[in-house]
Amino acid sequence: MTPAHAQEPAPDGVTAAEDLFVVSHFGVPRIDPRHWLLSLGGLVGRDRSFSLEDLKARPKRVVEAVHQGGGDPLKPDVPTRRVANVRWAGVDLAALLDELEVDRRAHFLWSYGVDGGDFAGASCNWYVKDLPLERLAGGGVLLAYELNGAPLRAEHGFPVRLVVPGYYGANSVKWLWRLHLSERRAKGPFTTTFHNGIRAIAPESIIVNPAPDAVLAAGEAVEIRGWAWSSRGVASAQISVDNGLCFTPAALEPPRGWAWQRFSLPWLPTVRGEAHLRVRAHDAGGAGQPPDGARNAAHAVRVFIGS
Ligand SMILES: Nc1nc2c(c(=O)[nH]1)N[C@H]1C(S)=C(S)[C@@H](COP(=O)(O)O)O[C@H]1N2
Ligand SMILES: [Mo]
């Protein structure tokens, strides 16, 4: 796993591919696309397989979405801030399944990556996740072959990965080789033990300006800004400049699909010394961020006010 770092992305809010975090439990497989096929079976009329050309021949769908790692499966209460916002492109999975006769008994889609091995005392032949098929009705689930307009890089799942916008990254299986439709959940370490049941992304936000440990001048205005997101978008972002005693609503971009939303608040620091900035976001249903001890605990940034 790469270390967490909050980067300020381009003004359009899209994170460059080279700034993206990488999480791979078993290394990075290199796949020759000429010998690659995606098989689809289980509760469908007849088994199918698709080459990369077969997938590219179908309409290309672009989805901008937050991409967030759920964190270390052994430490679910520790925020990692491993987060980005990117444009995926590929085949709409719901449209592809509509071409086939999916049995009504099918409730889960099992997705297999080519990678496997030992992880935290468990062993598996492949990285497997299971997606509840009802998520497809929410739209945007892709068999993705592009990231920000370029073919996926090896580390992000080349040639094809699943992308489930609004769900934590663990659900977006890289290096796909097999899809299987089933009545039941899949039995494997990543569906029963690790990252189990972390699906929809909880409300979260990060401050990207000012940077941690920045030295600011008393009497000079700064813009506190960053990004807020959840699986359903966020309705408010509030900022505290006194370590969480008082919060002020920040200006916030409206929700747009599964993309993150920019927030900003002008601030005039006056008191010299250390200041602790915090941000917390809420979704439209009122779900928010705990102050600490959770994957989505509120983000805090310490700065210094000089003269
Ligand atoms: N095949 C496979 N897919 C995988 C993983 C993996 O180890 N193997 N890691 C998952 C996890 S936990 C995350 S957070 C995302 C990370 O995607 P990225 O490396 O493209 O940023 O991929 C997911 N898909
Ligand atoms: Mo993850």
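How many Å apart do the C-alpha centres of domain 1 and domain 2 lie? They lie 30 Å apart.

This is a predicted model, in which local features need pLDDT of at least 70, side-chain atom pairs count only at pLDDT 80 or more, and totals for chains, interfaces and linings use all residues. Residues are numbered from 1 along each chain as its sequence is written, chains are lettered from A and ligands numbered from 1 in the order in which they are written, and side-chain values use heavy atoms, with hydrogens and water left out.

Begin by selecting residues 4-192, domain 1, and then residues 204-306, domain 2; these bounds come from an automatic or database domain assignment. Domain 1 brings 28 residues to the contact and domain 2 brings 20, where contact means heavy atoms within 4.5 Å.

Consider next the area buried between the two domains, about 1900 Å², of which carbon and sulfur atoms give 54%. Buried area is the accessible area (1.4 Å probe) that two parts lose on being put together, summed over both.

Now select Arg-81 and Glu-204. They form a salt bridge, with the closest N and O atoms 3.1 Å apart. The rule for a salt bridge requires a side-chain nitrogen of Lys or Arg within 4 Å of a carboxyl oxygen of Asp or Glu, and across this interface it finds two.

Finally, select β3 (61-68) and β4 (83-92), each of which supplies at least two residues of the side of domain 1 that touches domain 2. Strands are DSSP runs (E, at least two residues), numbered from the N terminus. The most comes from β3, with six residues.

Notes:
Helices (H or I, at least four residues) and strands (E, at least two) are DSSP runs, numbered from the N terminus.
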